[in-house]
Amino acid sequence: MNDILHQLRCFGCGERISGAEARPDFRCGSCGDLFEVEYPGWAQRQSHDRPNPGALKWLWRERRCSSEALDQSGVWRFRELLPILDSFGNAVTLREGNTPLYSLPRAAKALGIDQLYAKHQGMNPTGSFKDTGMTAALSVARERGFEWVACASTGNTSAAMAAYAARAGLKCLVLIPEGKIAWGKLSQAMDYGALTCQVKADFDGCARVLTQIVREAPIYLLNSVNPYRLEGQKTPAFEIAEAFEWNVPDHLIVPGGNLANSSALGKGFRELKELGLVSRMPRITVVQAEGANPLVKSLALTRGASLEPVEAHTRATAIRIGNPASWRKAAKVVLDTGGWCIDVSEAEIAIAKAELGAEGLGCEPASAVTLAGLKKLRAKSLVASSDSVVLVLTGHTLKDADYTINFHQGTLLTPEEMAGHEAQIEGLRRDARHVEATPAAVLAAMKDAGA
C-alpha cells in the first residue's frame, strides 16, 4: 500500500498509523474506534502532493472516452483522489461506478420540487453501491498478498465481495444471518463461489463472530469497518458533483443501515471542498426504518454523543442493522452538513418503492426509504420547492423480488401496518391478472385497467 501518500487516522482519539499497522479488525488499539484514510499532503496548499482542481476535472472527463478498464471504472477514474495502492495495476475492477443520475418527474411534481434526482447505485455490476467500496478494499487485500477475504452481510456486501474475490482469484468467506437475507442476494454469493455460512444470529451477531475469526486467522476483513471500503464508496460524490457541473445539490438523502455509505459520501464531498473542486457541501440526511433506527434515537437523545443498539426489525433487509459500526462518522456528517436523521414506517417504505417503480426505476426496499424520508422533510418545510435534491438508491429491484411481488399481491403488510394508507397502497398495486386465453378476455382486462 502507498503509505507515503496516505495514513489512517482514528476517528475517536485522532491517533495516526500507517495502513500496514492496522489491526485485523480495523479498530484503534488505543480507544477501539474506527479509522479513516487521510492524505497529509493535501492539507498544504502548495504541496506537490496536492491535486490541481482544473486539471483533474479535465482529466476525469477525458477518461470517460478511454477504453482502459481503470478509466472506465467510476471509482478508479478518480484515482488521483485514491492513492491507496503502490501500483494501480493491482486494482480489481468490474467497471463499477459511473452510475446514472435520473430525474424523477412524477415524484417531483407530487412533492412540488423543481429538481429531484435519483443516483441509482443499483446499476453497479452486482446490483448495489457496495461494488464501489469493494473494488477499493479488495484491491488493497490483493496487493497485500491475502488469500482469504471475509465479511458479515445482510446480502449486498456478500454479493459484491464474492464477485470481486472471484475476479481477483481470492477465496472468500461470507457469514449471513440465518433466514434474514433476501434470496436474490444470497444466490449471488453462491454463484460467485463464496463459502457461505448461515449463522444462527442477526447481522450484529455475525459481525461479532467474524471479528473473532479475523483476529485468529490470516483473513482480510471487508466489512465497512475497513476504511478502504469507504474510499471507494466516496466516489459517487465525485460523480454527482461532476453531473452538476462541479456544483452540488442542496440535499443528499441516503439510506441508513451500517451507516458507512453516508459517512463515505460525506467524506467525498468534504474532500472536494477542501481541494477547491466545489465551493460547498450538500445537506446530508440519513433515513432509517422505524424498526431499525438507532442513529435516529442517538441524535434525538444525545446529539450523537452515544448510541444504544436496538433489536432491528424491518423488511428492508439491507438496513436491518441495530448496532451500526459507522454511527459516529455518520452522526458527524449529518450534524456538520446541517442535515437530518429521520425514520419511516414499513408502509411508507413500500409506498415509496412502488412510486419509484412507477417512474421506471426499480430499487430494493432499503433504497426507497430516501423518497419516503423526503416526503417527511417536505411536509415539515425542511426542503424548499426551489431546492435541488438527490436520492441515493443503493440497490437494484431484483435484489429482493419477493418483496415487490408480495406488495403487488397484497400480502406484504399487515392490516396494522397499512392503517391509514389503504387507499394509496391499493392505487399502486399491480397484481398479475388471471384471464382466459382469448383476445376478448385480454381486451376486457385492458379496459378494466383504464386502457
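Predicted model: local features only at pLDDT ≥ 70, side-chain atom pairs only at ≥ 80, totals over all residues.

Trainee: What makes Cys341 a cysteine that is in no disulfide?
Mentor: Look at the distance. The nearest cysteine sulfur, that of Cys363, is 19 Å away. A disulfide needs two cysteine sulfur atoms within 2.5 Å. The sulfur of Cys363 is therefore too far from that of Cys341 for a bond.

Trainee: Why does that bond need the two sulfurs at all?
Mentor: Because a disulfide is a covalent bond between the sulfur atoms of two cysteines.

Trainee: Are these cysteines buried or exposed, Cys341 and Cys363?
Mentor: Cys341 has a relative accessible area of 14%. Cys363 has 1%. Buried means under 20%. So Cys341 is buried, and Cys363 is buried too.

Trainee: Now the charged pairs. How many salt bridges are there?
Mentor: The count comes to 25.

Trainee: How do you know that Arg270 and Glu36 form a salt bridge?
Mentor: Their closest N and O atoms are 3.6 Å apart. The cut-off is within 4 Å. So the pair of Arg270 and Glu36 counts as a salt bridge.

Trainee: Which parts of the chain does this pair tie together?
Mentor: Arg270 lies in helix α10, residues 260-274, and Glu36 in strand β3, residues 35-38. The pair therefore ties together parts that are 234 residues apart in sequence.

Trainee: Why is Arg270 called partly exposed?
Mentor: Its relative accessibility is 29%. Glu36, at 10%, is buried.

Trainee: What makes Lys376 and Glu348 a salt bridge?
Mentor: The closest N and O atoms of Lys376 and Glu348 are 3.5 Å apart. Lys376 lies in helix α14 and Glu348 in helix α13, so the pair ties together parts that are 28 residues apart in sequence. Lys376 is partly exposed, at 23% relative accessibility.

Trainee: Which residues do salt bridges with shared partners join into one network?
Mentor: Arg9, Arg16, Glu36, Glu38, Arg270 and Glu274.

Trainee: How do you know that Glu346 and Arg315 form a salt bridge?
Mentor: The closest N and O atoms of Glu346 and Arg315 are 3.6 Å apart, and the limit is 4 Å. Glu346 is in helix α13, residues 346-357. Arg315 is in the loop between α11 and α12. The two residues are 31 apart in the chain.

Trainee: Why do Glu346 and Arg315 get their accessibility labels?
Mentor: Glu346 has 12%, so it counts as buried. Arg315 has 25%, so it is partly exposed.

Trainee: Where does Ser381 lie, and what is its phi?
Mentor: Ser381 lies in the loop between α14 and β13. Its phi is positive, about 60°, although Ser381 is not a glycine.

Trainee: Are they buried or exposed, Trp246 and Ser381?
Mentor: Trp246 is at 11%, so it counts as buried. Ser381 is at 61%. Exposed means over 50%, so Ser381 counts as exposed.

Terms used
Residues numbered from 1 in each chain as written. Heavy atoms only, no water. Buried < 20%, exposed > 50% of the residue type's maximum accessible area, 1.4 Å probe, protein only. Helix = DSSP H or I, 4+ residues; strand = E, 2+ residues; numbered from the N terminus. Salt bridge = Lys/Arg side-chain N within 4 Å of Asp/Glu carboxyl O.
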